[in-house]
Amino acid sequence: MMLVNVHSDNEDHCHAYGHIPKLQFRKYTSKARWNEGLGMAEIVSNKGRTWTTTGIVCGGKIYSFLEDILFLAEIGALQVLDDENKCISLEDIYTKVAAGVGGSSWESFEVYRHLISLCYILKRHSFC
């Protein structure tokens, strides 16, 4: 079974549930620095309008959960850096999701990806 957003002519947002969207080269690519202790990433360069509905603000900084990070990295909208300013690969991010880092899971990410592709705005409940 394949679910697609029939209300959008833009192929960028229409992809099959459970399949990885095509990596897209974007004019604006944000950058984030992974924080292993938090299990989240701090956004160090926010480009485009993505960050008006994504992430949380704490102490004047924007942080993003692993689901957001993986989805945005998959579509080419985010580069994730480690402490040495080296890019973290998609494979490494997939490994973090599979390991349950930051309360994530592969099943919850697939649901997240599907709902985001349908243009829903998602936030975690009860996050301090």
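The buried residues of α1 (66-74) are Leu66, Glu67, Asp68, Ile69, Leu70, Phe71, Leu72, Ala73 and Glu74. Buried means under 20% relative accessible area, with a 1.4 Å probe and protein chains only. Nine of the nine residues of α1 are buried, so this helix is largely enclosed by the rest of the structure. Helices (H or I, at least four residues) and strands (E, at least two) are DSSP runs, numbered from the N terminus. The model is predicted: local features need pLDDT of at least 70, side-chain atom pairs count only at pLDDT 80 or more, and totals for chains, interfaces and linings use all residues. Residues are numbered from 1 along each chain as its sequence is written, and side-chain values use heavy atoms, without hydrogens and water.

The buried residues of α1 pack against β1, β2, β4, β5, α2 and α3. Contact here means heavy atoms within 4.5 Å. After α1 comes Gly76, with a positive phi near 80°.

The largest nonpolar core has 24 residues. Such a core is a set of buried Ala, Val, Leu, Ile, Met, Phe, Trp, Tyr and Cys residues joined through side-chain atoms within 4.5 Å. Among the residues with the most contacts inside it are Trp34, Ile69 and Phe71. α1 gives the most to this core, with six residues.

An open sheet of five strands has mixed pairing and the order β3-β4-β2-β1-β5. Two strands pair if DSSP finds at least two bridges between them. β3 (56-58) and β5 stand at the edges with a single partner strand each, so one side of each lacks a neighbour in the sheet. β1 and β2 run antiparallel, joined by five bridges. Trp34 stands opposite Ala41 in β2.

Key. Buried < 20%, exposed > 50% of the residue type's maximum accessible area, 1.4 Å probe, protein only.
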